[in-house]
Amino acid sequence: MLNGPNQVSKDQLAKFELTEESLNSFRKNNSIPLDLYNKDGQILIHKKKNPTVDDFGKLLKFELQGVYFLVSELNKGKSPSKLAELSKSQTVKLFDQEKTAKFARQSATLIEDLRKTSFSSDQAIMVDRSINEILTDFTSNPDFESGIFNILEILSVAGVPLESELMTKRTIVAMGMKVRTKKIVEDSNKKPDKKDHLTLMMASYLADVGYTKLDIKEHPKLSKEDYAIVQQHPIISYLMTLNAPEISTDVRTLILNHHRPYRGSGVNNNFPDTRNIFTKLMSVRDKYNKEIGKERIVNDIEKQLHLQENNVSSSSREEDIAILSLASEYASLTSNQAWRPAFKSSTALKMILNDSFFSYSNKNIRHLLDYVGSSLTNNQNIINVGDFIITAAMDSEKHVHFDICEVLEVDRFQTRPKLQRICTIKPIFKKLNKYRIADFDLNHIRIDKRKAIIDLSHTAGSTRVIYIIDRELNEPLFNAVYKMNKAS
């Protein structure tokens, strides 16, 4: 029954897959080709040419609730294949092999120079110019929101050292996450406002330059002493940039805190400790206070001390810190190390998710998996129908409950699937150098006889996916859950 001229009956509607790909198609063709409705049949936006930024913003507000179109559109010259084309995954490779390899080689040269000299203004200008070119090329591609990140393919044959490979991957993956979570808009002069994106890219590029001043053993299991040295590299990277006034305080803040992505005072894997940062910065400030012409450097350090002492930050900065940290982890896992070969992209993403409980928020993981995850794995999700996953949810008394679930449906966002709960389970926590979930205790299982259905795409609670039960990563747990589910 109709309730007005702009509302239709629900049984006349079919769900439209509102993805980055479909939105990109709308932008590319400069039109919204059909009327779109909410789940109750109320019109959200009429088909139109030359849609505005506000039109797209209006659609994005309803992405979780769902967007629908009239089934009758299928009989008006819009075939199922044509409609499907609006939302199908792109296969365009986004990065030019020659330009990306050149960027990586420049990075290798910079790293070698920094082993011998201090970071300079000329080097800061060179880096700024290089990352600006990468960002401009990326956003100039009409498929930049949906195409494939072919960075692993390019660097596998680029022949650059490990440090350069890591620097290049980290910068490009961080760029992709930032662009897809915060669109570049025009400023008051009608020019693209890329400041926030370039700030994150510069920080990603320079975050680990402190390693050029450290002598670290290449070994998978660092001693406590070695790990303590590793934990100092954000401070060293920060200090190395102080001589270049072209590097902004915002960039330096991200560098100094890029291994501190977890907000709050609970148990986490943040490092260095804030007291350590504060003590070191105080010492350096006192040294420069005695020198003439160091006012700019002292002022920058004072700002960092204020942020550390008062725990002052913005949600945007916290998101950038997490993006940088996630991009770093991905870069490391997908690179050949002295003690192990590189993991394939999908495995690296699963490992990051499975180790995320003490390091990242749900929103942080969504930024990685839902916005660039499939682009890093040739448009293949790492969470699919039939998979077994583990969720965590906090109750009103701040107790965390862990459930094993089977994935029933995966819509646009792979971190927000529809699930069927199989049982509760108890995690086994361990701390060596970092806190982590080492495994799950199969002796502490309670079956859910109701087999409750949980649709995370329509749930506003604290439930989040924190672990994929993958045969390659944890075969005993996978086999036990598979048998248990088959028998129930």
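**Aromatic rings and their surroundings**

F413 has a relative accessibility of 4% and counts as buried; buried means under 20% relative accessible area, exposed over 50%, and partly exposed in between, with a 1.4 Å probe and protein chains only. The model is a predicted one, in which local features need pLDDT of at least 70 and side-chain atom pairs count only at pLDDT 80 or more, while totals for chains, interfaces and linings use all residues. Residues are numbered from 1 along each chain as its sequence is written, and side-chain values use heavy atoms, with hydrogens and water left out.

A pair of aromatic rings is described by the distance of the centres and the angle of the planes. Here, rings of Phe, Tyr and Trp (its six-membered ring) pair if their centres lie within 6.5 Å; planes under 30 degrees apart are stacked, over 60 edge-to-face, and the rest tilted. The count by this rule is 16 aromatic pairs. One of them joins F358 and Y435, with 5.6 Å from centre to centre and 40° between the planes, and is tilted. F358 sits in the loop between α15 (345-354) and α16, and Y435 in strand β10, so this pair links parts that are 77 residues apart in sequence. Helices (H or I, at least four residues) and strands (E, at least two) are DSSP runs, numbered from the N terminus. The two partners fall in separate classes: F358, at 11% relative accessibility, is buried, and Y435, at 30%, is partly exposed.

The pair formed by Y371 and F413 is also tilted, because its centres are 6.0 Å apart and its planes stand at 55°. Y371 belongs to helix α16, while F413 is in the loop between β8 and β9 (418-431), so the pair ties together parts 42 residues apart in sequence. Y371 has a relative accessibility of 16% and counts as buried.

F358 and Y435 also belong to a single aromatic cluster with F357, F402 and F429. A cavity is a set of points, on a 1 Å grid over the protein atoms alone, where a 1.4 Å probe fits but cannot get out; lining residues have an atom within 4 Å of a point. The whole structure holds two cavities of 30 Å³ or more.

D439 is partly exposed, at 28% relative accessible area. The C-alpha atom of D439 is 10.0 Å from that of N354, although the two residues are 85 apart along the chain. Leaving out residues up to four places away in sequence, D439 touches P427, I428, N474 and L477; contact means heavy atoms within 4.5 Å.

Most residues other than glycine have a negative phi, and most peptide bonds are trans. N378, not a glycine, has a positive phi of about 55°, and is in the loop between α16 (362-373) and β7 (388-394). At 52% relative accessibility, N378 is exposed. K398, also not a glycine, has a phi of about 70° and is found in the loop between β7 and β8 (400-409). K398 is exposed as well, at 62% relative accessibility.

As for cysteines, a search of the whole structure gives zero disulfides, a disulfide being a pair of cysteine sulfur atoms within 2.5 Å. For C405, the nearest cysteine sulfur is that of C423, 8.4 Å away. C405 is buried, at 0% relative accessibility, and C423 is buried too, with a relative accessible area of 0%.

Key. 1 Å grid on protein atoms, 1.4 Å probe; cavity = no way out; pocket = protein on both sides within 12 Å on 5 of 7 lines; lining within 4 Å. Points joined across faces, edges and corners; volume = space filled by probe spheres on them.
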